[in-house]
Amino acid sequence: CNVTATCRRLREIGNLETLWKNLFFGVFEMKDIFVNPLSSSKLSSTDSLTWKEKFVTMHDVIHVCPKLRLASREEVPSHKYYSGIDKAIAAAESYARILIHPGVYEGSIVLDKPVVLIGVDPKKVLLVNTSQTVIDVRPTALNAEICNLEIKFDAPEDTPNMRKYCIDVPEQCEPIIYNCTFTNTSFCGSCIYVHGKDSHPLFSQCTVSDANNVGIFVDDHAQGRFEDCDIHSNKLAGVWIKNLASPVFRRNCVHHGKDVGFFIFQKGQGLLQENDIHNNRIAGIEIKNESNPIVHKCSIHNGSTGGVYVHDKGCGQFIQNKIYANTYAGVWITSESNPTLKDNEIHSGLQGGVYFFGGGRGVLESNDIHNNMLAGVQIRTGSNPIVRHNTIHHGLHGGIYVHDSGCGLIENNEIHSNSLAGVWITTGSQPVLRHNRIHSGKQVGIYFYDGGNGLLEENDIYNHCFSGIQIRTNSNPVIRKNKIFGGKNGGVLIYNSGEGILEENDIYGNALAGVWIKTNSSPVLRRNKIYNGKEGGVCIFNGGGGVLEENDVFNNALTGILISASSHPVLKRNRVFGCKAAGIEITNNGGGVIEDNEVFDNHFDGICLATGVKPQLSGNRIYGNRAVLDDAIEHEKCLFSISGDKSYPMHNFYRCLTCGGRDSDAICINCVKTCHKNHQILLVRHDRFICDCGAGALGCDCLLTGYKAFSSPKLNKLHDSHQSPKT
């Protein structure tokens, strides 16, 4: 029948999606139903709804419009319309939803009920006030919700210092604020002010920007959560946390502030987790006054000064953060501050990695510190941190730089592949380095200079392009039980009035001498093992001194201990054995006290003294040396066949006046008898030399070695350099 057909058609029309969609747009002025993922109300549903179901879901909201669309509310009894938000709140029951339509709403709102304020679009709904805080939340609001609004306090030009806020959340308030935008032009107030015990709001996906003061201020024991917010371009800090406040900031982006990103002071606390903090004019995070936040898995980068600044007894725990590409140090710690940094990656700073100064302390543990322009870790001016289990590598300067009376415990670190020294210690500093692996540096392993001191104990120091350790200019460290090996230069170099106590170290396998002592240096070497060097064991020259006591010097490719060039050390109770040249050689006005040493099984003689040297020799046991030189002379061999171009055997050396040549030319006794027979010969002295005749470096052929008169560049080079202080 017609009635049935008409009813069927009406039902069809009543279910048309286009009709309900247009009706939804017309009534609610929203593109779609708003879903607050944080809400516990009906709006939190994420089920797929038809447009009719969406309309039904929203049918009971209270509407706020600047200009009412209806002549009177009585025309549509099921819907409530108000021109002001305050009137809608006053009329609403608890948990009512208030939909705020496009427009500018001036005035102050007191939120004293647990209602839900929903703007149709944060770009179209502006709440603004010029004299009072825009939204004043009261404890009776409980967990009220505020969503999709732009909220602005716009201070008058004639009174810019009003301490007012976009939203004030005092004690015992727990509102939920989602997808709102906050701006405050006052020079005193912040955009968001959270304060008081049991204040625990939730801000999510909000934008806090362009404040003339602080973006977010959490104070006085307050808590709260701030998640997925964009906090940027504020004139002072993006966030202040003060006075035992303990909020949680998670997954926020805090950037392009004209001051610091986070400023935590006066015992502020809290958790900062997975935030992206970048391009702030001062530090990304600043902590002072016994504040102690936890900073976890944040990215702190591209700061115009530093990444993190902890000062004035600040604390804090920094765990698994990425701190990089900051203009100054990645982390600054000063003035009795004591933070803990663990498992962070601190890299690519335009200056240093971590900088302790002015009495800074703290624990630096298990961090990866690399590719910084200056030192990976710098410690100075009375600072005394613990630096433990870090990897400090590929710095474009040094690894660790301790200076100006810096201290610290530096242990179990891997320090490698830095462009300058692995560790620099200078100007009255006294750190303790223990159980570190310091290796593969492009210069020195550890460098003491200008009064640097400290204790090195049980470290592995190896494979450096220069010496493993250098000590100079009144530095006086204690170096005990370390392994110093594989250096492409020497093991330990002590020069220019350097001192130091070296005890019970293993110094081996270095390309040059195991230990060099020169230029008025006076260290103490006691109970060390110095062995398997590719040249000599200990070389003391150019006025070097010191005490060598109870050391084992063995199996070195050249002389065990060489004393030369006016050096006068004291050698007592050492064992020198198995070296491929002499055990002990003294030459070139060298001297000293050589007492109670055991010198045996060396290839040349045990103790060799050049012409004119007068050491004090007593109580030495010299036995079992192989006397290879004497054997070569007895068998009429040229000494070059024994020494090659590597070692300088000590024996009588001569000059052939008939052949002429340079004053430095030397020939051995067997070449005198054979190659230069019947020539005019001059005995120069008993000393270390290479036979230039045997090397083919003179103007005649050597009949003993078969080398022709010198003609090759290699032999020219040998001839010019054979008086160098080889060990």
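Strand β14 (residues 192-195) and strand β17 pair in the parallel sense over four bridges, where two strands count as paired if DSSP finds at least two bridges between them, and where strands (E, at least two residues) are DSSP runs numbered from the N terminus. This is a predicted model, in which local features need pLDDT of at least 70 and side-chain atom pairs count only at pLDDT 80 or more, while totals for chains, interfaces and linings use all residues. Residues are numbered from 1 along each chain as its sequence is written, and side-chain values use heavy atoms, with hydrogens and water left out.

A search of the whole structure finds 27 of them, each being a side-chain nitrogen of Lys or Arg within 4 Å of a carboxyl oxygen of Asp or Glu. In one of these, the side chains of Glu 345 and Lys 322 meet at 3.2 Å, N to O; because Glu 345 lies in strand β34 (residues 345-347) and Lys 322 in strand β31 (residues 322-324), the pair ties together parts that are 23 residues apart in sequence. Glu 345 is partly exposed, with a relative accessible area of 21%, and Lys 322 is partly exposed at 42%.

The side chains of Arg 621 and Glu 598 also meet in a salt bridge, at 3.7 Å from N to O, and this pair links distant parts of the chain, with Arg 621 in strand β70 (residues 621-623) and Glu 598 in strand β67 (residues 598-600), 23 residues apart. Glu 598 counts as buried, at 17% relative accessibility. Elsewhere, a network of salt bridges links residues including Arg 434, Glu 457 and Arg 480.

The backbone deserves a look as well. Most residues other than glycine have a negative phi. Asn 589, however, has a positive phi near 65°; Asn 589 lies in the loop between β65 (584-586) and β66 (593-595) and counts as exposed, at 53% relative accessibility.

Key: Buried means under 20% relative accessible area, exposed over 50%, partly exposed in between (1.4 Å probe, protein chains only).
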